[in-house]
Amino acid sequence: MAELRHYRYFVEIAQRGSFTAAAASLHVTQSALSEQILMLERQLGCRLFDRGRHGARLTAHGEALFDQAMMLLSVANELEQSARSLQRHRGRPLRLGVTMGPLLVWLPEVLAGLTGSPQRYDIRIEDITTAEIFLKVSIGQLDLGIASLGEGGLAVAPGTGVEVHTLFEDDWVIIVPDGHPFTADGAVPLSALRDQRLVLFPRQYSLRTVLDDFFARAGVSVSPAIETGWLEMALRFVELGMGITVVPRAVTLLYHNVHVVEIDEAYKPRRVLSALYRSDTPRRKTIEKLLHLARERLPPQGTWPPETDRSTP
């Protein structure tokens, strides 16, 4: 049976128009090359070249075979490159950076469904700020970042090599403990929070910037009683009656021992969940598949399941 090398020899001769030139390029003797082409012709049952003083010209059978041989070699080359890529990245974990980790409860299922084999990749997940995510993605220390951003997402300057894709958006709500007066109102303006003990994100968090702008638009000046970047801790402070907080609505699907109060304002900012990765990452196909699976798990753009729906996002 003809082997791949026979077709490589055939294409090399056809492109160079000479057995002598092809033999030099392939680093084989001319007699060995002629023998291999003769074997191929016997296998196919036809003559592929007219040999003479002019060199080697394709016969009609040779011309018919040439395009197919080129396709065969192209596929073989792609397979070799894929194998080299897998070998190159084997053992290096898939590196993710995330913010608002508790809101990513859907992520393990997405990663498990990435290849149909949860054992395929070692995975490293860092819970870091948006600024750290952008830096580490841009210099190649993370394969993918998932960040909670303010309305409009993240504007990336041209030339950074970083792509940003929106996964989903939601709005903001107030979280209060049992027995809080706001529970009787259902919805309150931001001005009602002026005299409340607030539990907010630290100032270096992008979502804190969104909240500060939200309060400023409403003409409300606040000073948090407690600052923490750990969402579980913030909600625990609320449960214990040590303050109230303003968080993305998605939090309401995960924490059930607190009460949700709507914000009664004409303008309400959006929280944007975005994915960041380098456009030249060698794992682009893996990341694109991961994001496709993530969008299947997340609600449609601009929506969030109603309060009665406690299913995992």
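Predicted model: local features only at pLDDT ≥ 70, side-chain atom pairs only at ≥ 80, totals over all residues.
Contact here means that heavy atoms lie within 4.5 Å of each other.

**Glu 41 in helix α3**

- Glu 41 is found in helix α3, and its neighbours beyond four places in sequence include residues that follow that helix: Glu 41 is in contact with Cys 46, Arg 47, Leu 48, Phe 49 and Arg 51.
- Glu 41 has a relative accessibility of 9% and therefore counts as buried, since the cut-off for that class is under 20%.
- The C-alpha atom of Glu 41 is separated by 9.8 Å from that of His 6, although these two residues are 35 residues apart along the chain.

**Helix α1 against helix α3**

- Helix α1, which covers residues 4-16, packs with helix α3, which covers residues 30-44, at an angle of about 110° and with the two axes 10 Å apart.
- Because of that angle, α1 is roughly perpendicular to α3, the range for this class being 65 to 115 degrees.
- The crossing in which α1 passes α3 is left-handed.
- On the side of α1, the contact is made by Arg 5, His 6, Tyr 7, Tyr 9, Phe 10 and Ile 13, while α3 contributes Leu 33, Gln 36, Ile 37, Met 39, Leu 40 and Leu 44.
- Sorted by class, the residues in this contact of α1 with α3 are nine nonpolar, two polar and one charged.

- By class, the contact of α2 with α3 holds six nonpolar and three polar residues, and no charged residues.
- His 27 is found in the loop between α2, residues 19-26, and α3, and His 27 has a positive phi of about 60° although this residue is not a glycine.
- With a relative accessible area of 74%, His 27 is exposed, because that class begins over 50%.

**Helix α1 against helix α2**

- The axes of α1 and α2 are 8 Å apart, and the two helices pack at an angle of about 125°, which means that α1 and α2 are oblique to each other.
- In this pair, α1 passes α2 in a right-handed crossing.
- The contact is made by Tyr 9, Glu 12, Ile 13 and Arg 16 of α1 and, from α2, by Phe 19, Ala 21, Ala 22, Ser 25 and Leu 26.
- The residues of this contact of α1 with α2 divide into six nonpolar, one polar and two charged.

**Tyr 9 in helix α1**

- Tyr 9 is found in helix α1, where it takes part in the contact with α3 and in the contact with α2.
- Tyr 9 is buried, with a relative accessible area of 15%.
- Leaving aside neighbours within four places in sequence, Tyr 9 is in contact with Leu 26, Val 28, Leu 33, Gln 36 and Ile 37.
- The C-alpha atoms of Tyr 9 and Phe 19 are separated by 9.4 Å, and these residues are 10 residues apart along the chain.

**Nonpolar cores**

- The largest nonpolar core has 31 residues, and those with the most contacts inside this core are Trp 172, Ile 174, Leu 193 and Leu 231.
- At least two residues of this core come from each of β7 (172-176), β9 (198-200), α7 (206-217), α8 (231-239), β11 (244-248) and β12 (259-263).
- Not counting residues up to four places away in sequence, Trp 172 touches residues that include Phe 201, Leu 207, Val 210, Leu 211, Val 246 and Val 247, and also Arg 249, Arg 270 and Arg 271.
- A second, separate core has 23 residues, including Leu 107, Leu 167, Leu 290 and Leu 291.

Conventions:
Residues numbered from 1 in each chain as written. Heavy atoms only, no water. Axes fitted to C-alpha atoms, helices over the stretch in contact; angles between N-to-C directions. Parallel < 35°, antiparallel > 145°, perpendicular 65-115°, else oblique. Left-handed = near helix turned anticlockwise from the far one by under 90°. Nonpolar A, V, L, I, M, F, W, Y, C, P; charged D, E, K, R; others polar. Core = buried A, V, L, I, M, F, W, Y, C linked by side-chain atoms within 4.5 Å. Buried < 20%, exposed > 50% of the residue type's maximum accessible area, 1.4 Å probe, protein only.
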